Structure formats: C-alpha cells, structure tokens
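Hello,

Here is the structure for your files. Please open it alongside this note; what I found follows below.

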Amino acid sequence: MELLLNCPSISTTPTPKLHFHNLFPFNSKKSNRVDFYTSIRQRKSKSAVTVMVVNTDSEAAVVEKQTNKERRRFEVLSGKPLPFGATATDGGVNFAVFSSNATSVILCLITLSDLHQKRVTEQIFLDPLANKTGDVWHVFLKGDFENMLYGYMFDGKFSPEEGHYFDFSKIVLDPYAKATVSRGEYGVLGPEDDCWPPMAGRVPSAADQFDWEGDLPLKFPQRDLVIYEMHVRGFTNHESSKTKYPGTYRGVVEKLDHLKELGVNCIELMPCHEFNELEYYSYNSVLGEYKFNFWGYSTVNFFSPMGRYSSAGLSNCGLGAVNEFKYLVKEAHKHGIEVIMDVVFNHTAEGNENGPIVSFRGIDDSVFYMLAPKGEFYNYSGCGNTFNCNHLIVRQFIVDCLRYWVTEMHVDGFRFDLASIFTRSSSSWDAVNVYGNSIEGDVIATGTPLTSPPLVDMISNDPILRGVKLIAEAWDCGGLYQVGVFPHWGIWSEWNGKYRDMVRLFIKGTDGFSGAFAECLCGSPNLYQEGGRKPWNSVNFVCAHDGFTLADLVTYNNKHNLANGEDNKDGENHNNSWNCGEEGEFASIFVKKLRKRQMRNFFLCLMVSQGVPMIYMGDEYGHTKGGNNNTYCHENYINYFRWDKKDESSSDFFRFCRLVTKFRHECESLGLDGFPTAETLQWHGHFPRTPDWSETSRFVAFTLVDKVKGELYVAFNAGHLPVTITLPVRPGYRWKPLVDTGKPAPFDFLADDVPEREIAVKQYSHFLDANQYPMLSYSSIVLLLSPDHDA
C-alpha cells in the first residue's frame, strides 16, 4: 500500500453544497417526503479531494482532506468492531456499524450549521482492509467533536428485487445513535417546506454527565401496579394545563402530582423514540388543517428519545433532549411512579418499497426487514414493512436497545407494540442462523409463528431485561392473535384484549357473557393459569389510545372518524359500545345519567378485577374525542388532555376514580399474587351462593375475603331492570355501603368526608337490617363487612 505524507497543501477545493430531491411517497396518505444528500458520486469525481493513507501507531487509517471553513483535523485509527454505534472514551470516539452487503462506507461528520445547509463537514473513507472486521465497519477518531453530528454513506448493489437499496448519494442514520437531530421545533417544516429535512446522530463525548441523584429502580411488584397510558405531548399541550413547558417531558413532570392524586404508580408512555410527526403531513380539507403523525408509532431511531418532546430543542446537538427524558424518569421515581415505554420494534418509518431511505434500508435492507423471495416487504405490521426481529443481528440490536433504556435511561419496563411479530420466523430463517448448526428437515416458511422465538428467548433470559416489566400486545396485523398463549418464560404480561371485549359486552347488557365476565374479575385464569402464569400477567383495560375513550364508549354506537379525512373507512368497526339510547353528546338528562353510571361501572370493574389495571389518559374526567376511534393524525384538542374539564366543579367523575383507585391500593385482596380460590372467593346471584351462569343472566356478584378490610361484597347488575338482592349472612356482622354507581356524586362513593354521610347510610338501613340491598339497572356496588354493635 502506498504511503502518502500528511501535507496540508494537497487540497484547497471547498466542500460543495449537497442537494436534495423528492422521493416517491410512502403511500397515498404520506406525501412530501424528502430524502437525504444527493450528488455524492459527483463530488467524488469532480471535487479535488485527496484520500490519504497514513500510519499512526501502526494502525492503518483513511482520511479525506477538507478545506471547509469549519474544517477540523482528526487523527484516524482503525478502531474496533464492538460495541456498535459511536462510543466515547477519554482518547476519542470509536464508530462501528454493521453491514454485510455494503461494498464501501464513508463516515460523515457534520456540524449543526452544516446540517441545516445540507452539506457534510468532514468525510472519513473506511478502508475495507483496515476498517472492517467481518461484517462490521469501524474507525476510531481523535479530535474536536464539540457540537458534531454524524451519519454514514453506504455503497453496494441497488437491486430491490434482491432486497438491496444501497445508494451512495444518501446519508443514513446510525441505528445505534443515542441522540438524533433534525428539526428543532415540533410541527414546523424544514427549509423549503421539507417534511423530511436532514437528520444525523450526535457524536458522544466522554464528558457527557447527568446527575441521577442516586436514583434507583422502584421495583414495585407488578400485582401492585396501576398503569396510566399517556401521550407526552398531549398530556400538557392544551392551554388549560398552564404549564411552563407545555407538550414536553418537563411538562409531564409539572403534572406528576395529578397522577399521584389519581393513585397511579406507573406511567406507560406512548412512543417516545425519535419519530417524524410530519410523516403524514397533508392537508385535511374536512378540518381545514394538516394531518400529523401524532401517536408516533413509526420509529426513525430506537435509541434516541423524541427530540421535539423536549423543551431543550437542539441544545447540545440532542443531548438536552436525552437529559430531559432522564429528568422525567428521575422525577417520576421521586413521586413513586414507575416509567414504562411503549416501544415499536415491529416496523420502522421507512415503509414499503416506496418509502424513504433513512437508516436501516440504506445500511442492509435484506437483514433488517422481512422480505419475500423477490424483495417484496412482508407487512404483518400494517405499516408497510416488518422488522426482521428473529434475525441474529436484528434481535441483538433490539436487546442492546432495551438494555440501554434500562441501564442508561432508568426506565422500568416496556410495552411491546404488535409483539406477536416477535414470534414470527425471519426471512433469512435457517437452523444455522438460530441454533448455530443445521437440523435435518428444518424448513420453516418466512413469518411462521414459533413456539420458542429466539428474540423472546433472548429478552426473557437476559440478566438485565428479565428483571423489568415486559408487556406484550399479543397480536399483529397479519391475523396472529396470541392473548393467553404468547411465549412468556413465566415473566411476560399481556395487554388482555379479551378482558376489554368481555367486560364491554357484559356491562352494556349483552346476554351470554356472565361467565366470561366472572373470569375477567378473577384475572382471566382461563387464559393464564394453565400456562403457570399469575393474575398480574394480565394487564386489564377497557379503553386505550386505539379506540373509543371511556366517555365515547357510552355515547356512541358507531365510530365517527370523518375528521380523519378518510371517509370514515379507517378505525375499528366493532367497538362493543352502547350509546345508552341516543347517539352523540346531545342527549336527554335520563340518558346522560345512565352514561355516567356506565362509566362508573366500567371503572369500578377495572379496579376490583384481579390483574393489573390500566387507565387511558383523560378517562378519569370523561375526555371525549367526539366518537373518533382512530385519532392518530390529530394535533389538536381531540388528543389533548383538557385540564379545564378535569377541574370543572360539574366533573365529579375524577373524584370517583381517585377514591376507587385508593380503595384498590388499600385492599390486600384486589392485587393477589395467585388466582382466587374457593376459600377466598364465593359467587352469588340474587340470593347468596346461587350464581346464575345462564345465557340470559346479567347479574354477577361475589364476596372476597380481605386481610385488611375483612370481607367485600361486589355486585354488577347489567340488566335493564332494578333488583333487590339478598346478601350473605355473617353472624355478628352487617354489610355497610361504600360504592353505589346508581347514586349521584358524592354518594356514589361514601368516603368519610361526604357531607351527611350518616344520613345517606341510614336511608338504606332498613334494607340492610333485612340483609338486602336495592340496585338500579346498570349499576354496581361494593359493600364492606363490619361488626354489628346492635347484634
């Protein structure tokens, strides 16, 4: 190899500006995509760039000389293949990136000002002999990295039919970048109205510090959790929040006291990985505004927190956003609240064959995505592509990412979106890829569900990850539904979609579901007991971000999604909802009272069921989305938490929710580690010990022994007629009312501070003296056993 001396006079040609061009749209709904830097090939041939090979400490290095005004001098060594990503040490930064099919790689270093000007500050050409080990390209740099970003250019075959999308004209993100920088302000277009302006990863520094103040994991037993699914921006962006930092991680910190008051001890954050909120940016003529990717289920980079959820903006090239997310976690822990992240490893923002080349596709498409034999993208996610989760490289990437969020960001667990994709065989599936050796007759088609999927195995047995909360959304958009049978290794929980469906059907008064409803109250042993799991493996919910809110569940029979601009064709058609007799918010007083009763019934059911209850943001005050059950694209009041509604004196539902949640925490029996037994739970009907499991039964009642409260009597009357029930006899004791959803506030929950509480209790004393209790139609009750001093 020829050795050239490092002579600063060799090249004086300035770095030319790089240009952009439009990509094909991802689909008909997602237009205005703009790709990365172009004309790099022209630069290589036309600009007076001199590549020099130097020998530094006996290691080969490749350097491109630059004469940009912001030129920086770097000492370049061969580097190491592990760990992946950019890793800072006292001596410099090591860069390592995997690509098994690239033929050449350039490391691009970019200042923030050059990023906005769409140009590269420095280029480091990697020599396949000196800067590559196996399928890992690597280099070690010493120099000044202050406010420096980076990305890569990969060259190789561009052959979509073979699964290759290498394009040397594009700079792509390192999947392992720990902070991603592009636009600094949420919802604001880039220069020239770019929806996809240039983005790059931050070069880390060994001096990066964050004061955790001794923060340690809370490690609450999962059976004790009350989870709150929330959207970071939507939680405080409405003007009524009156926060100093609306729509940000800091804004959430300002409102942690609300969550504490509600009784929440775990927040589940909707996607906070870096995503592009302008991905769906297009004019919505129905509302006269633009559509956004508000929910964020379209990840650009999995290691980076969403930068535009940070009040820090582009501070320190993205480090400000990283530290602000850490601040949220730290402050939540101080409030006794764990933090779970909703993660979307089933697909990425790169979409199908018409999507942008942002990161994975430009690095090694055939490895990172599940492809058919002719290069077509499998679409088990319903979003254009499917992450090739069980490929060796991809599953290691996912595990590395999860470890990072636990060890460096201190999160307490994860909810995995469309987790059934984790169980599908990869598109490069073979025994050698998984087991290290061939197995005779081992032929498994791409996407086949596996009983012991390697990725779930790795996560479940990882010494770091097996100790955090792991929650699967146990289905995908390819028809694979695994609620109750998701591979679990004894530690995975599931979003219990069957709980949601059965509870909705029973409480709205559908015949034939009393037995299924009883199973839900017990933590769904029909789903989890046989597999050796516990009630807390069931995450119970009635409502979530996807679907009706609790208020809309009792207000609308049909979805009303016209505001999405898709002719009401999007969203779920089968909601198991009931409008209580009249469609929409404008209804008679009778119907409105029934709706409030039903909301209380649903919430009470959630809190007296075994398993882990999950509340959806805003349901605690009755937030409405106007019957829209698919609000993924709305950056407005539809998705914003309305603090003014929560604070209205007429909004009494929050009080009820707060008191019922507090009651759950006080009861030892409502968070059991095992399923109830005949010794602790007895079923009843209109008369003691005579449950009715017939097809027409709409009444379910039970008593539950509680070490703190003594004994509870809980009953649900989902019939359209009132009933008078006979209570179990307990000699020397009498039943006292605590909760009755058929009564108006504040008598729906008879807390000690209720005015005229004793008068309210005496109104039912003649029934209780006879061991009876009257229940309205569509109502539920909780009675407590207490000593009868008159006996």
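Strands β8 and β9 form a hairpin, with two residues between them. In the turn, glycine 134 has a positive phi of about 60 degrees. Strands here are DSSP E runs of at least two residues, helices are H or I runs of at least four, and both are numbered from the N terminus.

This is a predicted model: local features need pLDDT of at least 70, side-chain atom pairs count only at pLDDT 80 or more, and totals for chains, interfaces and linings use all residues. Residues are numbered from 1 along each chain as its sequence is written, and side-chain values use heavy atoms, leaving out hydrogens and water.

Back to β9, residues 136-142. Six of its seven residues are buried (under 20% relative accessible area, 1.4 Å probe, protein chains only). Strands pair if DSSP finds at least two bridges between them. The antiparallel partners of β9 include:

- β8 (residues 132-133), with two bridges; threonine 133 stands opposite valine 136.
- β5 (residues 93-98), with six bridges; valine 93 partners leucine 141.
- β3 (residues 75-77), with three bridges; leucine 77 partners phenylalanine 140.

Now the helices. Phe360, Val367 and Phe368 in α7 meet Ile393, Val394 and Phe397 in α8 (contact means heavy atoms within 4.5 Å). The residues of this contact are six nonpolar, no polar and no charged (nonpolar: Ala, Val, Leu, Ile, Met, Phe, Trp, Tyr, Cys and Pro; charged: Asp, Glu, Lys and Arg; polar: the others, Gly among them).

Best wishes

Notes
Buried means under 20% relative accessible area, exposed over 50%, partly exposed in between (1.4 Å probe, protein chains only).
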